[in-house]
Amino acid sequence: MEEVLNEQVVLDGKRVLVTLDSAAGVLQWRGERDGQLILQNDLIGFCSSESGICLYTFRMTKSSSYCGKGLPGRKRKDMVVEFSNDGARRLWCDSLQRILDKAGRPKRLLVLVNPFGGRKTGRKVFSASVEPLLKAAGITYTVKETQFQRHALDLAKESDLSQLDGIVCVSGDGVLVEVLNGLLERSDWERAIKMPIGIIPAGTGNGLAKSVLDHVGEPCDAASATFLVIRGQTQPLDVATAKQSNVKFHSILMLTWGLVADVDIESERLRWMGALRLDVYTLIRISNLRKYNGQLYYIPAPGYEGTGTPLNEEFARTTLMTSGEANSDSSLQKHGDPGSLQKNFSEWREMEGPFILIWLNNVPFVSESVNAAPNAKTDIWT
Ligand SMILES: Nc1ncnc2c1ncn2[C@@H]1O[C@H](COP(=O)(O)OP(=O)(O)OP(=O)(O)O)[C@@H](O)[C@H]1O
């Protein structure tokens with residue numbers, strides 16, 4: 001029911017006329033003070049008591065303690081609305097709830113916290129920035145700490161998804177990729193992969209969180225990421241499937257070979273440095289460059305047809321159909337149909353090593369500070 005409610009109330013001690021426009025999802029007030037809330041963008045949730053309604057707001061400000069001085073960020077502020085009669089209060093509560101429900105906000109979440117990720121701050125990030133917002137939003141959540149590598153994969157594989165509206169990872173990119181792989185390893189993967197996955201940055205690079213938040217103009221911090229989850233704002237992402245020997249895995253962030261992979265793996269011993277470990281170890285590797293022999297076969301993106309050497313069509317047909325198992329492996333193709341590209345053998349190009357690195361990026365940011373692929377489109381296959 002679309003409606004406009006008007007009421008004389010006391011808002012944080014000031015007499016005002018408030019208007020709630022359900023169709024626009026806007027709450028406005030005029031009188032001893034003026035202002036407005038765009039409910040889906042600014043309101044975490046609300047609670048009601050006999051004395052009135054408390055609105056939990058989380059609005060963008062120019063300067064926020066979450067992001068440091070002077071940078072835009074969100075700030076929490078609770079506002080109390082006192083009504084002169086109880087009937088009006090109840091009517092307003094129902095109307096507010098309908099507006100929030102209409103936006104498709106999640107009600108039940110599984111939250112996976114990695115206590116080991118990044119500088120081992122996962123637990124702290126959850127209790128300081130995530131939990132208070134989930135509580136204010138009235139979301140029911142179950143928290144599970146990951147206890148070992150691939151634990152998140154097992155949890156995603158075994159969870160009863162019918163009881164969930166989303167899985168949220170308080171972690172780095174690694175745990176989220178495990179969740180993705182767990183969902184795709186399920187027998188009901190076609191339904192499971194539609195489960196929204198949220199990411200709250202608590203890892204080393206946090207490239208996915210940065211890419212997702214940057215895409216919607218939000219700062220990359222745990223509270224803003226949590227609010228995005230609360231608002232139920234989703235964004236489709238392409239999934240890449242790779243096979244190495246007999247091991248198959250799925251990726252949404254990046255696939256790397258050479259320098260970047262070495263930095264990622266070998267800098268583990270510098271984990272205590274946080275994100276700096278990636279910069280420091282990159283310098284170490286660059287000062288002592290390794291080279292990797294190999295061949296890269298690829299179809300160039302529009303505008304990049306001049307790169308590499310065109311492959312002989314017959315060679316492409318036989319080489320890619322036999323050595324490139326991904327082409328003939330129907331269990332890989334079942335997750336989507338980029339396989340249709342492989343039929344255009346005349347478009348294939350070859351690049352011959354030695355390489356320093358091969359870096360395939362699905363999203364723009366590989367870490368909070370490195371925008372490695374600014375033109376990456378996150379959902380070209382959807
Ligand atoms: N309790 C745990 N002890 C040790 N490792 C764990 C634990 N829980 C999860 N892990 C593993 O920690 C790894 C890194 O996790 P995560 O992605 O959250 O952090 P990260 O610091 O950003 O790491 P990366 O940069 O490698 O992605 C994952 O491979 C995950 O399997």
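A: Start with one residue. Tyr-281 sits in helix H10 (residues 276-286). Helices (H or I, at least four residues) and strands (E, at least two) are DSSP runs, numbered from the N terminus. This is a predicted model, where local features need pLDDT of at least 70, side-chain atom pairs count only at pLDDT 80 or more, and totals for chains, interfaces and linings use all residues. Residues are numbered from 1 along each chain as its sequence is written.

Q: Is Tyr-281 buried or exposed?

A: Count C-beta atoms, placed from the backbone: 20 or more others within 10 Å means buried, 12 or fewer means exposed, and in between is partly exposed. Tyr-281 is buried, because it has 20 C-beta neighbours inside 10 Å.

Q: What does Tyr-281 touch?

A: Two residues are in contact if their C-beta atoms, placed from the backbone, lie within 7 Å. Leaving out residues up to four places away in sequence, Tyr-281 touches Val-263, Glu-266, Ser-267 and Leu-270. Ser-267 is 14 residues from Tyr-281 along the chain, and their C-alpha atoms are 5.9 Å apart.

Q: Now Leu-39. Where is Leu-39 placed?

A: Leu-39 is in helix H1 (residues 39-42). Leu-39 is buried, because 22 other C-beta atoms lie within 10 Å. Not counting residues up to four places away in sequence, Leu-39 touches Gly-25, Val-26, Leu-27, Ile-99 and Leu-100. Val-26 is 13 residues away along the chain, with 5.8 Å between the C-alpha atoms of the pair.

Q: How many helices and strands does the protein have?

A: There are 13 helices and 20 strands. Of the 382 residues, 31% are buried. Take the contacts with a separation of 6 or more: 64% of them join residues 24 or more positions apart.

Q: Which residues have the most contacts inside the largest nonpolar core?

A: A nonpolar core is a set of buried Ala, Val, Leu, Ile, Met, Phe, Trp, Tyr and Cys residues joined through C-beta atoms within 7 Å. The largest has 67 residues, and Leu-112, Cys-169, Val-170, Val-179 and Ile-200 have the most contacts inside it. Another core, of five residues, lies apart from it; among them are Leu-259, Val-260, Val-263 and Tyr-281.

Q: Into which domains is the protein divided?

A: Domain bounds come from an automatic or database domain assignment. Here they give domain 1 (4-102), domain 2 (108-239) and domain 3 (255-371). Over C-alpha atoms, the centres of domain 1 and domain 2 are 28 Å apart. Eleven residues of domain 1 are in contact with eleven residues of domain 2. On the domain 1 side, strand S5 (43-49), strand S6 (52-61) and strand S7 (73-82) each give two or more residues.
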